[in-house]
Amino acid sequence: MDIKNLKKQAQKELNLLVKIDDLKEFEKKYLGKKGKVTELLKSLKNLPQKERRLIGKEANELRDKLMLAIKAKKEEIKRNEIEEKEKQEWIDITVPAKKIEKGHLHPLTQVAEKVEEIFMSLGFSVIEGPEIENEWYNFDALNIPKDHPARDLWDTFWIKEPSTKNQEPKLLLRTHTSPVQIHYMEKHKPPLRIISPGRIYRYEATDASHEINFYQVEGLMIDKDTSVANFYFIMEEFFKSFFGKETKIRLRPSFFPFTEPSFEIDVLCSICKGKGCSVCSQRGWIEIAGAGMVHPNVLKAVKINPKNWQGFAFGMGLDRLAMMKYKINDIRLFYSSDLRFLKQF
Ligand code: FA5
């Protein structure tokens with residue numbers, strides 16, 4: 001084949017190449033040990049001198065050109081490969097990011113945390129207690145002996161006796177957080193100041209302000225010469241911090257076997273502003289807590305001498321605190337798992 005045709009053929013083949021492996025084959029085919037151009041150069045020695053010089057020059061030029069063209073082609077292929085990769089991996093950084101929805105604390109947890117924060121600033125520690133109790137802690141130690149009509153104040157979920165039978169005392173789901181007082185006083189000597197938020201259970205009908213399980217925060221302060229004035233001061237401080245300075249609360253005389261005297265604390269209903277509505281049962285006030293001065297019998301049950309130590313205790317409805325703070329007109333919304341409700345907090 002003459003050099004011109006060889007050159008034309010090589011150029012044509014080279015133009016069609018797109019892969020690096022094919023380019024390597026091409027290089028071998030023309031410039032390899034047994035390549036067409038190499039063979040041509042080898043065959044020069046058989047030519048007469050005059051022809052050898054002429055053809056040799058052209059063959060050498062062809063080899064040099066092919067070497068350059070192969071180099072250029074190699075770069076072109078590499079460039080194309082990078083461009084292709086870039087196209088595939090291209091990210092549009094201007095596209096708005098997908099929003100990851102963040103969860104948040106349940107409104108009752110938020111309220112519990114706020115209550116804890118206020119009482120801690122008043123020197124109270126936060127204590128936990130069990131939700132499954134026995135009747136000694138839930139009733140007897142709180143001055144409510146068996147068969148005492150006061151037990152009817154709290155409709156109870158009793159837990160079935162295990163097969164060991166006649167297990168004493170009987171187990172139940174705690175009907176209030178007050179048993180935590182007993183647990184704590186059994187292990188700690190006064191002076192003491194604690195609060196204990198937690199879930200409680202009552203076997204009763206539900207309505208806008210009553211649930212069968214809800215949350216309370218128990219409070220207990222025992223010290224020397226603690227009086228109703230100390231109790232009133234702490235309560236006032238708490239409600240002002242929690243609801244704001246304009247909050248209206250009132251104390252009503254009440255009865256609890258474990259306190260004497262006993263009170264009920266009401267706050268002005270924030271939903272009807274005192275006019276009367278279904279949440280406050282048309283009273284204009286909503287009952288937020290039971291409270292009183294700790295009964296001497298309770299102190300005796302935990303071996304604390306009531307002559308040396310006195311104190312007060314309270315049990316607040318955490319759900320009711322949350323309802324009044326956020327103007328929620330049905331307690332059952334807290335347990336409905338309705339995201340339209342929960343997302344508002
Ligand atoms: C008690 O549970 C007493 N242990 C409180 C107490 C503690 C008195 C220490 C004295 C000393 P009572 O049953 O009234 O009391 O409940 C206390 C508060 O829990 C109520 O004022 C109310 O805010 C809330 N509460 C009561 N029943 C329900 C209910 N079914 N649903 C939602 N909140 C309730």
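Helices here are DSSP runs of H or I with at least four residues, numbered from the N terminus. Keep that in mind as you move through this predicted model.

**Stop 1: helix 3**

Select residues 36–43, which make up helix 3. E39 and K42 both sit in this helix. They are 3 residues apart, about one turn of the helix. Now show their side chains. E39 and K42 form a salt bridge, with the closest N and O atoms 3.9 Å apart. The structure holds 14 salt bridges. More of them follow below.

**Stop 2: helix 4**

Go to helix 4, residues 49–88, and pick out E84. E84 counts as partly exposed because its relative accessibility is 40%.

**Stop 3**

Select K343 and E101. Their side chains form a salt bridge, the closest N and O atoms being 3.6 Å apart. The pair links distant parts of the chain, 242 residues apart. K343 is in the segment after helix 11 (339–342). E101 is in the loop between helix 4 and helix 5 (107–121). E101 has a relative accessible area of 64%, so it is exposed.

**Stop 4: a salt-bridge network**

Next, select K146 and E135. Their side chains meet in a salt bridge, 3.7 Å from N to O. This pair also links distant parts of the chain, though the two residues are 11 residues apart. K146 lies in the loop between helix 6 (135–138) and strand 3 (171–173), and E135 lies in helix 6. K146 counts as partly exposed, because its relative accessibility is 44%. E135 is buried, because its relative accessible area is 2% and the cut-off for buried is under 20%. Salt bridges that share partners join E135, D140, K146 and R151 into one network.

**Stop 5: a buried charge**

Select E133 in strand 2, residues 132–134. Which side chain of opposite charge is nearest to E133? It is R174, 5.6 Å away. E133 is buried yet has no salt bridge. A polar contact of 2.9 Å joins the side chains of E133 and H183.

**Stop 6: cis peptide bonds**

Most peptide bonds are trans. Select P190 and P191: the peptide bond between them is cis, with omega near 5°. P191 is in the loop between helix 7 (179–187) and strand 4 (192–201). Then select E260 and P261. A cis peptide bond joins them, with omega about 0°. P261 lies in strand 7, residues 259–268.

**Stop 7: positive phi**

Most residues other than glycine have a negative phi. Select Q282. Its phi is near 65°, a positive value in a residue other than glycine. Q282 is in the loop between strand 7 and strand 8 (285–294). It counts as exposed because its relative accessibility is 57%. Finish at K327. K327 has a positive phi of about 55°, although it is not a glycine. Look for K327 in the loop between helix 10 (318–326) and helix 11.

Key. Residues numbered from 1 in each chain as written. Predicted model: local features only at pLDDT ≥ 70, side-chain atom pairs only at ≥ 80, totals over all residues. Heavy atoms only, no water. Buried < 20%, exposed > 50% of the residue type's maximum accessible area, 1.4 Å probe, protein only. Salt bridge = Lys/Arg side-chain N within 4 Å of Asp/Glu carboxyl O. Lys, Arg positive; Asp, Glu negative; His and termini not counted. Polar contact = N/O pair within 3.5 Å; in protein donor to acceptor, adjacent residues only side chain to side chain.
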